[in-house]
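Hello,

Here is the model I promised to pass on. Please open it first, and then read my notes below.

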Amino acid sequence: MSKWVSTNEKKAFLLWFLENHRLKKADARRLLEVLIKNFHLLENVHFTDELRPTRRTVVISSINSDEIGFKYYQSGRVYEEVAVAYSEIMNNPTEPVYLLIHFYGKLNNHRYLQLIENKAIDNIRRYEYYEKVAKKADQIIEQSLVQNQKEMLLRQIDKALDEKNEELFKQLVQQLQNDE
């Protein structure tokens, strides 16, 4: 099951991307502009970070990327002409198109990370969340243990007072002061 991303989110990211990055292939810019202007096409665009040559995938790179400027994959075939991708997308607007974009800093870009459909990234996010929850749980447990230990010491101090055991009382008060 793929992650649902609104067309507005896709459009906003693509506009941001085009404003902030120059592409290696100028024609690729025009393709992205067509996608931005046509919501019915943008609905079927899925951002991804893994290349599967058997599905319709458009790969676009900015000039700051080490990757190739443009490639279009369909049914195991590879095309380097933007016109082929444009034609296929326009002729089959209801079929999914996977968009893989290469640009500097993409793995730190929150806009991009919110869009991509990559189980590895989702697993990383889930792991980070559970690590955060586990850390908080450890803090709560530690606080509870300290509180219980303090309460036990206070009960022992009260018992030492009741038994008029001055030496034990002083020892327990000293231990309480050291723990705080």
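Helix H2 covers residues 26-37, and at 1.5 Å a residue its twelve residues should span 16 Å; the end C-alpha atoms are 17 Å apart, which agrees. The expected span here is 1.5 Å times one less than the number of residues in the helix. Helices (H or I, at least four residues) and strands (E, at least two) are DSSP runs, numbered from the N terminus. In H2 the buried residues are Ala28, Leu31, Leu32, Val34, Leu35 and Ile36. Buried stands for under 20% relative accessible area, exposed for over 50%, and partly exposed for anything in between (1.4 Å probe, protein chains only).

A word on the conventions: this is a predicted model, in which local features need pLDDT of at least 70 and side-chain atom pairs count only at pLDDT 80 or more, while totals for chains, interfaces and linings use all residues. Residues are numbered from 1 along each chain as its sequence is written, and side-chain values use heavy atoms, with hydrogens and water left out.

H1 (residues 7-20) gives a similar check: its 14 residues should span 20 Å at 1.5 Å a residue, and its end C-alpha atoms are 20 Å apart, which agrees. The buried residues of H1 are Thr7, Lys10, Phe13, Leu14, Trp16, Phe17 and Leu18. Their cover includes H2, helix H3 (39-42), E1, E5 and H5; contact here means heavy atoms within 4.5 Å.

Now to the strands. All of E5 is worth a look: six of its six residues are buried. Val97, Leu99 and Ile101 are buried on one side, and Tyr98, Leu100 and His102 are buried on the other, so both faces are covered. In a regular strand the side chains alternate between the two faces of the sheet. Strand E1 (residues 45-47) runs parallel to E5 and is joined to E5 by three bridges, with valine 45 partnering valine 97. Strand E2 (residues 57-61) also pairs with E5 in the parallel sense, over five bridges, and there serine 61 has histidine 102 as its bridge partner. Two strands count as paired if DSSP finds at least two bridges between them.

Arginine 55 lies over the face of tyrosine 98, 3.6 Å from the ring centre. The rule for a charge over a ring is NZ of Lys or CZ of Arg within 6 Å of the ring centre and within 35 degrees of the ring normal.

What about the aromatic rings? Rings of Phe, Tyr and Trp (its six-membered ring) pair if their centres lie within 6.5 Å, and planes under 30 degrees apart count as stacked, over 60 as edge-to-face and the rest as tilted. By this rule there are ten aromatic pairs. In one of them, tryptophan 16 and phenylalanine 103 have ring centres 6.0 Å apart and planes at 65 degrees, so the pair is edge-to-face. Because tryptophan 16 lies in H1 and phenylalanine 103 in the loop between E5 and H5, the pair ties together parts that are 87 residues apart in sequence. Both residues, tryptophan 16 and phenylalanine 103, are buried. Ring pairs also link Phe13, Trp16, Phe17, Phe47, Phe103 and Tyr112 into a cluster.

Is lysine 106 buried or exposed? With a relative accessible area of 12%, lysine 106 is buried, and its place is in the loop between strand E5 (97-102) and helix H5 (110-115). A polar atom of its side chain lies 3.2 Å from the backbone oxygen of isoleucine 101, and a polar contact of 3.2 Å joins the side chains of lysine 106 and histidine 102. A polar contact is a pair of N or O atoms within 3.5 Å; within protein, one must be able to donate a hydrogen and the other to accept it, and residues adjacent in sequence count only if both atoms are side-chain atoms. Not counting residues up to four places away in sequence, lysine 106 touches Asp49, Leu100, Ile101, Tyr112 and Leu113.

Finally, helix H6 (residues 119-162) holds alanine 160, which is buried at a relative accessible area of 1%. The C-alpha atoms of alanine 160 and asparagine 8 are separated by 70 Å.

Best wishes
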